[in-house]
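Here is a briefing for a first look at this protein chain. Keep the structure in view while reading.

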Amino acid sequence: MSDATTQSRSGIGRIVGASLIGTTIEWYDFFLYGSAAALVFNTLFFPSADPLVGTLIAFITYAIGFAARPLGGIVFGHFGDKVGRKKLLVLSLLMMGGATFAMGLLPTYENIGVWAPILLTVLRLVQGFALGGEWGGAVLIVSEHGGDRHRGFWASWPQAGAPGGNLLATGVLALLAAVQSEADFQAWGWRIPFLLSGLLVVIGLWIRVSVSESPVFLEAQAKAEAAAAAGVKEEAPVVEVFRRSWREVLSAIGTRFGENISYYILTSFLLVYVTVHLELPKSTALNAVLIGSAVHFVTIPLWGALSDRIGRRPVTLIGSAGMAIWAFVFFGLVDSKSFVVIVLAVTAGLLLHGAMYGPQAAFISEMFDTKVRYSGASMGSQLASILAGALAPIIAVELLKDYGTSTPISIYLCAAAVVTTITVAVTRETLGRDLSRGRDETQAEEPSAVTAGDRA
């Protein structure tokens, strides 16, 4: 192995490590709210006589965080395409960690009344805004550093930050639930995971500031500066995205639709279903998600690597078609009330989710040109988060409240997976695209490669 190859792999390894740790911390912060909304926020910040009503209100504020994500995607995407990926990634981590740490210090409804849920909602908006800029930057800085042949594998590692963060958040809550009484957990124990975020952010910043800017971005920036010096005026990235790449934005939304809904049904909503509907201990759901997330974390890069061999579309279709079927199997297994069977249901579901999620970073990154890639990828992914992930727990809780059975939820989950299946089936294969070259250059100069990609 040559010194150049070793140095190259060392460099991409450093970039991947920094992105993975950063995204894990940010998803830890974001998912912590979802778990707390199902377990404690419904009584401490949104008290109600009906447990499902309190939970529903808590999940509405959970969804508000998603509403801020497209705005974060637009703002971070604009400046990320203008000044670079690295600076924006540092800012997103600071904003997310600060908001989460502040949640751990908030007085409850009993202490300050209506101001408690108001302040909690404001901090949730800050979380959503920050996460809206995190995803695009983290996957792009890896995608643009990595080579064309192994991009699916390398870019899938920041994706593993989602189950990594969920694993961390659920693990801390499960540990506290095991060593504390219910009264202590409700009184003060729930604050510990939020305050822990402060330490995690310091670690994440120390690692993230050490990474280098994307060489693909630096090349595109140099071209843009040369064009500006020649008097060529370019439109803002967000305008350019909607003018030339609106089809790709729609493809990104559809690709994420079933993936997003399935993830929040399998994790956040499961906590409600198991504790409220099945009346099992919260540790049952927490530990099931914990085990499933561990398997999910390990297998996402494997799905990404497979997409480097057979294409982004085939791997994604394995996940979406499988999820359409598993939607009806999942709740039947959970209804058994057997911990082992529930773990099996969650783990299998997350494996199928990983098939959609693993190739997604490379797939969506390859849809857009460099000068609008941060804006386009962020916009497509975050608009999907509103239409899909934000509403998924709310719709599922409402369906459970109205019908008292899981069947309508299974139909909802299946329909979402079908949307993604159809979208991916009609989307152009992107495997092998050179990210340093524009879409027009690729189509004009390498028609044979594009055709081969379409057949993959």
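Predicted model: local features only at pLDDT ≥ 70, side-chain atom pairs only at ≥ 80, totals over all residues.

Residues are numbered from 1 along each chain as its sequence is written, and side-chain values use heavy atoms, with hydrogens and water left out.

**Helix packing**

- Two packed helices are described by the angle between their axes and the distance between the axes.
- Helices here are DSSP runs (H or I, at least four residues), numbered from the N terminus.
- Helix α13 (residues 246-277) packs against helix α19 (residues 392-403) at an angle of about 40°, and their axes are 9 Å apart. That angle makes α13 oblique to α19.
- Axes are lines fitted to C-alpha atoms, for helices over the stretch in contact, and angles run from 0 to 180 degrees between N-to-C directions.
- Angles under 35 degrees count as roughly parallel, over 145 as roughly antiparallel, 65 to 115 as roughly perpendicular and the rest as oblique.
- The crossing of α13 and α19 is right-handed. In a right-handed crossing the near helix is turned clockwise from the far one by less than a right angle; anticlockwise is left-handed.
- Helix α13 also meets α15: their axes come within 13 Å and cross at roughly 15°. This makes α13 roughly parallel to α15.
- The α13 and α15 crossing is right-handed.

**Salt bridges**

- Side chains of opposite charge can pair when their charged atoms come close.
- The whole structure holds eight salt bridges (a side-chain nitrogen of Lys or Arg within 4 Å of a carboxyl oxygen of Asp or Glu).
- Asp 369 and Arg 433 pair through their side chains, at 2.5 Å from N to O. Asp 369 sits in the loop between α17 (360-365) and α18 (370-390), and Arg 433 in the loop between α20 (407-425) and α21 (439-445), so this pair ties together parts that are 64 residues apart in sequence.
- Asp 369 and Arg 433 are both buried. Buried means under 20% relative accessible area, exposed over 50%, and partly exposed in between (1.4 Å probe, protein chains only).
- Glu 240 and Arg 244 form a salt bridge at 4.0 Å, N to O. These two are four residues apart in helix α12 (residues 237-244), so about one helical turn separates them.
- Glu 240 is buried, at 9% relative accessible area, whereas Arg 244 is partly exposed, at 29%.
- Lys 401 and Glu 398 form another salt bridge, at 3.6 Å, N to O. Both lie in helix α19, three residues apart, about one turn of the helix.
- Lys 401 is partly exposed, with 33% relative accessible area, and Glu 398 is partly exposed, with 28%.

**Nonpolar surface patch**

- Tyr 109, Ile 112, Val 114, Trp 115, Ile 118, Leu 119 and Val 122 make up a nonpolar patch on the surface, with about 630 Å² of accessible area together.
- Patches are made of residues with over 30% relative accessible area and no salt bridge; like charges are joined within 9 Å, nonpolar side chains (Val, Leu, Ile, Met, Phe, Trp, Tyr) within 5 Å.
- Helices α5 (109-112) and α6 (115-145) each supply at least two residues of the patch. Helix α6 gives the most, with four residues.
- Leu 119 lies in helix α6 and is partly exposed, at 35% relative accessibility.

- Leu 383 lies in helix α18 and is partly exposed, at 29% relative accessible area. The C-alpha atoms of Leu 383 and Phe 257 are separated by 9.6 Å, though these residues are 126 residues apart along the chain.
- Val 329 lies in helix α15 (residues 312-334) and is partly exposed, at 33% relative accessible area.

**Positive phi in loops**

- Glu 279 has phi near 55°, a positive value in a residue other than glycine. Glu 279 lies in the loop between α13 and α14 (282-310) and is exposed, at 66% relative accessibility.
- Lys 337 has phi near 65°, also positive in a residue other than glycine. Lys 337 lies in the loop between α15 and α16 (339-357) and is partly exposed, at 46% relative accessible area.

Notes: Areas by Shrake-Rupley, 256 points an atom, 1.4 Å probe, with all protein chains shown as cover.
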